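Please open the model in your viewer and keep the selection panel at hand. We will go from stop to stop, with something to select at each one.

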Amino acid sequence: MKQHVWAAMIGLFTFFTQVAHSSERLEYPVVLVHGLFGFDNLLGVDYFYRVPSVIEDEGADVYVAEVSSAHNSELRGEQLLEQVALIRAITGKDKVNLIGHSQGAQTIRYVASVRPEWVASATSIGGVNWGSRFADVVRGSVDTGSFSEQFLASLANGLAGLIDLLSGKATAPKDALEALSALTTEGSVAFNQKYPEGVPSNYCGQTDALASNGVYYFSWSGSKAWTNVFDPADNALALFSQVFDEPNDGLVSACSSNLGQVIGNQYKMNHLDQVNQTIGVHHLFETDPLTLYRQHIRRLKGLNL
């Protein structure tokens, strides 16, 4: 009998603890930022699939940024800067928590570097923080100024234009070559020299979460390109992964994604799984991507962010 009473008491304590925890509000709003060829919502499908609702359920205000689907990270950063200013005005909050996927990591790092007083934390997910071998190969496959380069750039800009049109930002500037150059190893290293906060001193390293500019930096990523037979995107990512000679998610190496405090870079997730795409299909024996977002909001709460 006593054992049953204690079990019931523990169960009630756990329940009320969870209720109290879920009722807490995150101090600053969350802003989600997409990567190359990304969007906020495309024909009813969110880029961060179901992520905003999970973040809201954890007690945070969440906004999805609208930046160019294809351009360099500094221009995208300036676009994001304007939106952060607006969010600060709407919410009355001094700061925001930025979360960026892929090229979105460079985008949020730009804002955190030039306006650190506006940013509580910057979280990179599958971020191109040390460059992408895939981008190096694509950039190196065509000669600068050649007809092939211009032809491929036209196709890529056309795709970006279609994405922007369907996602309601048709007038956003587009330059696929600028975007590609930003994601190469050379372009990323140059970016790091200008905006070094949170970047480890050595490849595959990590830093303390709190950087010298007063912003907390975090990152996580995956290291498996093919994760589910029912995901139509996995075959392409598995093919792209062949250009790497180290663990990668199909587009970015695990070590290249490291920024600030590394929560993990060996999840069985590919580049799209990290944002819960394609429509939530992921590895059956790995943490649900949405769980990582849920845990991260609780992490930020613990830091009063």
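Is helix α4 mostly covered or mostly uncovered, and how many of its 12 residues are buried? Keep that in mind as you select residues 103–114, the range of α4 in this predicted model. Helix α4 is mostly covered, with 11 of its 12 residues buried. The buried residues are Q103, G104, A105, Q106, T107, I108, R109, Y110, V111, A112 and S113. From first C-alpha to last, α4 reaches 17 Å, close to the 16 Å expected at 1.5 Å a residue.

**Aromatic pairs**

Stay on α4 for a moment and turn to the rings. Across the whole structure, a search finds nine aromatic pairs. Show the side chains of Y110 and Y195, which form an edge-to-face pair with 5.2 Å centre to centre and 70° between the planes. This pair links distant parts of the chain: Y110 belongs to α4, while Y195 sits in the loop between α8 (185–194) and β7 (216–222), 85 residues apart. Both Y110 and Y195 are buried.

Next, select W130 and Y203. They too make an edge-to-face pair, 5.6 Å centre to centre with 75° between the planes. Here W130 lies in the loop between β6 (119–125) and α5 (133–140), Y203 lies in the loop between α8 and β7, and 73 residues separate them. How exposed is Y203? Y203 counts as partly exposed because its relative accessible area is 35%, which falls between the 20% and 50% limits.

For one more set of rings, pick F39, Y47 and F48, which ring pairs link into a cluster.

L165 is classed as exposed because its relative accessible area is 53%, over the 50% limit.

Notes
Residues numbered from 1 in each chain as written. Predicted model: local features only at pLDDT ≥ 70, side-chain atom pairs only at ≥ 80, totals over all residues. Heavy atoms only, no water. Buried < 20%, exposed > 50% of the residue type's maximum accessible area, 1.4 Å probe, protein only. Phe/Tyr/Trp six-rings, centres within 6.5 Å; stacked < 30°, edge-to-face > 60°. Helix = DSSP H or I, 4+ residues; strand = E, 2+ residues; numbered from the N terminus. Expected span 1.5 Å × (residues − 1).
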